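Student: Could you take me through a close look at one part of this structure, after a word on the chain as a whole?

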Amino acid sequence: MSNSTPHWGQGPEGQRKADLGNGYYLNPIMPGDHPDPSILKDGEDYYMTFSTFDAYPGLVIWHSKDLVNWQPLGAALKKPIGSVWAPELIKHAERYYLYIPTRLKNQGLQGRGSIYVIWADDICGPWSEPIDLGNPRIDPGHAVGEDGKRYLFLSGGDRVQLADDGLSIVGEMEHVYDGWQYPEEWDVENFAQEGPKITRHGDYFYMILAEGGTAGPATGHMVVVARSKSIHGPWENAPNNPIVRTQSPKEAWWSRGHATLVEGPTGAWYMVYHGYENGYYNLGRQCLLEPIEWTEDGWFRVTGVDVAQPICMPVAGRALPHGQALSDDFSRDKFGVQWGFYDPLPSHGIRHRYDNGALVIEGRGTTPADCSPLTCVNGDRAYRFEVELEVGEGATGGVLLFYSRRLYVGLGFNQGQLLMHRYGTEREMKIPEHVDGKRLFMRVTNRDHIVTFHTSADGVTWHKFQTQMEVSGYHHNVAFDFLSLRPGLYAAGEGEVRFRNFRYEALAAE
């Protein structure tokens with residue numbers, strides 16, 4: 001990896017974006033926690049969504065014209081059904097479908113989880129209520145065979161047939177593919193044959209899938225491919241497997257895998273997949289775009305570009321404005337576009353409202369671990385955010401960098417004390433003299449994993465909190481859950497917390 005700092009384009013608030021404005025882009029195309037990309041080409045439009053795990057509303061649909069610049073349309077999934085893993089977004093017979101595998105690892109609900117489906121006649125919704133397909137597997141990949149029948153390919157090399165309307169499973173699950181065996185001496189997390197995506201091109205169906213585990217060693221995750229002239233097999237492994245793999249921990253992007261093929265605007269082909277950024281595991285798995293080329297023997301290969309260096313844009317011409325501002329004056333609803341509650345129980349119902357320029361959140365639980373904090377995804381190496389809080393009687397409110405209920409840092413306060421959150425634990429502190437007990441401005445700065453906190457009585461004069469924290473280890477290889485460290489707000493206790501004027505800005509990384 002080069003010792004020089006890469007220079008990205010700048011989006012809202014200085015957030016990094018891939019489009020460099022000179023006919024080139026620099027990965028990632030979607031910075032921050034955007035894993036397991038599922039992409040759909042629909043005429044001249046592209047739509048993409050990602051695993052949203054424990055955040056609700058979830059499954060934000062993104063829109064692009066050029067594969068590099070993306071705008072959020074809104075969240076397709078409103079009802080909590082579990083932790084969402086590796087969805088599949090498709091269009092069939094003029095209707096849009098999302099196949100949604102879930103796990104119940106956090107929510108205290110019964111069972112292993114299941115695959116659900118929702119559908120819409122317009123990509124912007126409204127989307128249907130979730131329909132349980134009664135299959136507990138993960139990573140569905142939708143395909144239509146030469147027989148016109150619909151199928152879901154699943155992790156572990158299995159497959160199941162769908163009804164013609166795509167809203168139920170017919171028949172038994174069957175094993176159709178054993179995977180590609182990599183050399184034993186490679187350092188991987190585990191075999192983990194997963195993420196099958198089916199593309200029909202020319203005379204063949206191509207199954208693109210991941211092996212090697214999604215995290216663990218930097219060299220573990222990879223993209224492999226097999227093909228067949230029939231959806232029913234047999235499947236032949238590519239002679240150049242793996243198509244993509246991180247070769248060394250010195251590379252800029254680690255654990256590259258979980259790919260989908262997509263045809264670009266001018267007929268060239270690409271892969272979208274995810275990877276961890278070297279040195280920034282806690283940003284989660286980010287979305288990368290890499291060109292491929294078809295070979296004379298009917299296989300495909302990468303073109304040899306360095307995905308950590310500028311790459312020619314897929315097409316010159318009009319691009320949608322990329323990304324969105326994270327700052328929020330709470331004058332309009334940005335739930336599902338920006339904000340999501342972490343792991344809310346269905347019984348929680350609606351616990352927020354907008355009131356005269358404030359977001360009012362009812363308290364739940366007693367700490368960030370059990371109160372279902374409100375978080376948003378960001379993709380900058382260094383950043384700062386601040387917000388004004390007013391706590392009601394019986395409530396505690398605060399700011400966080402939140403990974404999961406087991407791992408977070410932050411500051412909270414109520415009408416009697418200041419609370420320091422470190423390593424997912426709480427410590428009571430003395431209330432500073434400038435705090436009046438009800439209203440406080442809070443600021444969080446994360447510059448290359450060093451986190452500092454400031455408080456203010458008026459939003460003008462800031463006081464640095466006495467404790468700084470180092471958070472480079474707040475990621476999956478330490479705490480599981482496949483998540484990222486996110487800016488967050490929380491309301492605990494039995495009262496309400498009012499939040500005003502959330503402001504975010506990206507900072508220059510050192």
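Tutor: The chain carries 46 positive and 64 negative side chains, with the centres of the two sets 4 Å apart; here Lys and Arg count as positive and Asp and Glu as negative, while His and the chain ends are not counted, and each charge is placed at NZ of Lys, CZ of Arg, CG of Asp or CD of Glu. This is a predicted model, in which local features need pLDDT of at least 70 and side-chain atom pairs count only at pLDDT 80 or more, whereas totals for chains, interfaces and linings use all residues. Residues are numbered from 1 along each chain as its sequence is written, and side-chain values use heavy atoms, with hydrogens and water left out.

Threonine 246 is found in the loop between β22 (244–245) and β23 (253–263), strands being DSSP runs of E of at least two residues, numbered from the N terminus. Threonine 246 counts as buried because its relative accessibility is 0%, where buried means under 20% relative accessible area with a 1.4 Å probe and protein chains only; of the 510 residues of the chain, 62% count as buried.

The side chain of threonine 246 reaches the backbone oxygen of tryptophan 253 at 3.0 Å and the backbone nitrogen of serine 255 at 3.3 Å. Leaving aside neighbours within four places in sequence, threonine 246 is in contact (heavy atoms within 4.5 Å) with Trp253 and Ser255 and also with Ala218, Thr219, His221, Glu251, Trp254 and Arg256.

Methods:
Buried means under 20% relative accessible area, exposed over 50%, partly exposed in between (1.4 Å probe, protein chains only). Helices (H or I, at least four residues) and strands (E, at least two) are DSSP runs, numbered from the N terminus. A polar contact is a pair of N or O atoms within 3.5 Å; within protein, one must be able to donate a hydrogen and the other to accept it, and residues adjacent in sequence count only if both atoms are side-chain atoms.
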